[in-house]
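Have it open while you read.

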Amino acid sequence: MAYFLVKTEPADYSLEDLAREQRTVWDGVRNPQAVRFIAQMRPGDRLLIYHSGTQAALVGLARVVSWPRPDPADSRSQVVEIEFVRRLARPVSLREIKESKLFADWSLVRQPRLSVMAVPERFLHWLRGQGLLDPEEEEE
């Protein structure tokens with residue numbers, strides 16, 4: 001199982017929207033690099049949901065429930081279906097991630113406009129160390 005981070009502007013589609021709907025199609029991604037990450041997703045992979053804009057923080061966890069497929073609205077893009085897993089116990093701000101000085105080479109810090117990216121294992125370890133990610137969740 002892999003972890004990816006997906007960004008969303010909460011005014012457009014928030015974690016609260018996903019929690020209410022429980023399942024959605026993750027679409028609208030146009031950046032070729034971000035589309036390649038969607039193409040790598042597999043059912044069971046986890047998504048860290050990141051609210052961009054003024055909040056700039058990780059806020060929740062979702063699960064990929066479909067294989068990637070072409071976006072019917074844009075043949076150059078891919079979509080996946082995802083489902084809500086849970087909110088994080090607390091938001092993890094971009095400021096906190098940057099101030100840790102552990103992830104300066106990660107796309108979240110280096111490429112602020114990239115909307116989908118792989119999550120490095122060391123970041124997952126860091127989240128687990130803060131009690132925000134449970135190892136048991138990986139075995140569901």
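Predicted model: local features only at pLDDT ≥ 70, side-chain atom pairs only at ≥ 80, totals over all residues.

1. Numbering runs from 1 along each chain as its sequence is written, and side-chain values use heavy atoms, with hydrogens and water left out.

2. Take α5 (residues 121-129), whose buried residues are Phe123, Leu124, Trp126 and Leu127. Seen down the helix axis, they fall within an arc of 155°, so they line one face of α5. Glu121, His125 and Gly129 are exposed on the other side. (Buried is under 20% relative accessible area and exposed over 50%, with a 1.4 Å probe and protein chains only; helices are DSSP runs of H or I, at least four residues, and strands are runs of E, at least two; the arc uses directions from the helix axis to the C-beta atoms.)

3. What do the buried residues of α5 pack against? The partners are β1 (3-8), β3 (46-51), β4 (57-64), β6 (74-93) and α3 (94-99), with contact meaning heavy atoms within 4.5 Å.

4. Phe123 deserves a look of its own. Leaving out residues up to four places away in sequence, Phe123 touches Leu48, Leu58, Ile97, Phe103 and Trp106.

5. Just past α5, check Gly131, which has a positive phi of about 75°.
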